[in-house]
Amino acid sequence: MEKWTIPADFERWEYILKNISELLQNDGFSRSFINSLSLAADEVFANISMYSCVDRSGEVEITFDIQNTATEKMALMTFKDNGAPFDPLKAPEPDFPDGPASGRSPGGLGIFIIKNQVDHIDYEYTNDHNILTLKKYQKIRGTL
């Protein structure tokens, strides 16, 4: 398991995301899997840095783990911050009356993107911390 605590700014985040991508690649995850999880994680970190920790000099604790079974591999990422409480699981789904690019005002799609890139999301607010966990699975080739 890897664990990092970094300021809620993008300079350090790029380094962490590069490390995570390398760990996934070294464990044999597909490029599509890596891109998908990276996109979701990037959106989570962007939301934390732009909204949750905006009025405080916040830090984000990120834990990352890979777990393997006989039939699948799972990447597990947890983001913990001391920003304002926000449960992304309660965010409303975006409305696309005429398609995603139709006259919508910018923004509001980050949580939608996250939900569509990972297999499972957990959220809790404990001891003045937001804790968001992302899980993404990949079947091992040759298994049912």
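Mentor: The model is a predicted one, and its protein chain holds 3 helices and 5 strands, which run β-α-α-β-β-α-β-β from the N terminus on. Of the 144 residues in the chain, 40% count as buried. Among contacts with a separation of 6 or more, 67% are between residues 24 or more positions apart.

Two packed helices are described by the angle between their axes and by the distance between those axes. For helix α2, residues 31-52, and helix α3, residues 110-117, the axes come within 9 Å and cross at roughly 150 degrees. The crossing in which α2 passes α3 is left-handed. On the α2 side the contact is made by Ser36, Leu39, Ala40, Glu43, Val44 and Asn47, and these meet Gly110, Ile111, Ile113, Ile114 and Gln117 of α3. By residue class, this contact of α2 with α3 divides into 6 nonpolar, 4 polar and 1 charged.

Two residues of that contact, Ile111 and Ile114 of α3, also belong to the lining of the largest cavity, together with Pro88, Leu89, Ile121 and Leu132. The count comes to 1 cavity of 30 Å³ or more, and about 30 Å³ of space lies in the largest cavity. Its lining divides into 6 nonpolar residues, with no polar and no charged ones.

The largest pocket holds about 500 Å³ of space and is lined by 29 residues, of which Asn47, Tyr51, Phe86, Pro88 and Ile111 lie nearest its centre. Asn47 and Ile111 are also found in the contact between α2 and α3, while Pro88 and Ile111 are also found in the lining of the largest cavity. At least two residues of the pocket lining come from each of α2, β3 (72-81), α3 and β5, and α2 gives the most, with 8 residues. The lining of this pocket divides into 19 nonpolar, 6 polar and 4 charged residues.

Threonine 63 counts as buried because its relative accessible area is 15%, and buried means under 20%. Leaving aside the neighbours within four places in sequence, threonine 63 is in contact with Met1, Glu2, Lys3, Leu76, Met77 and Thr78.

The loop between β4 (120-126) and β5 (129-139) includes asparagine 127, and aspartate 128 has its place in that loop between β4 and β5 as well. Phi of asparagine 127 is near 50 degrees, a positive value in a residue other than glycine, and aspartate 128, likewise a residue other than glycine, has a positive phi near 65 degrees. Asparagine 127 has a relative accessible area of 66% and is therefore exposed, the cut-off for exposed being over 50%. Aspartate 128 is exposed too, with a relative accessible area of 55%.

To return to the part you asked about, Ile111 of α3 takes part in the contact with α2, in the lining of the largest cavity, and in the group of residues nearest the centre of the largest pocket.

Notes
Residues are numbered from 1 along each chain as its sequence is written. This is a predicted model: local features need pLDDT of at least 70, side-chain atom pairs count only at pLDDT 80 or more; totals for chains, interfaces and linings use all residues. Side-chain values use heavy atoms; hydrogens and water are left out. Axes are lines fitted to C-alpha atoms, for helices over the stretch in contact, and angles run from 0 to 180 degrees between N-to-C directions. Helices (H or I, at least four residues) and strands (E, at least two) are DSSP runs, numbered from the N terminus. A crossing is left-handed if the near helix is turned anticlockwise from the far one by less than a right angle, and right-handed if clockwise. Contact means heavy atoms within 4.5 Å. Ala, Val, Leu, Ile, Met, Phe, Trp, Tyr, Cys and Pro count as nonpolar, Asp, Glu, Lys and Arg as charged, and the others, Gly among them, as polar. Buried means under 20% relative accessible area, exposed over 50%, partly exposed in between (1.4 Å probe, protein chains only). On a 1 Å grid over the protein atoms alone, a cavity is a set of points where a 1.4 Å probe fits but cannot get out, and a pocket is an open set with protein on both sides within 12 Å along at least five of seven lines; lining residues have an atom within 4 Å of a point. Grid points are joined across faces, edges and corners, and a volume is the space filled by probe spheres set on the points.
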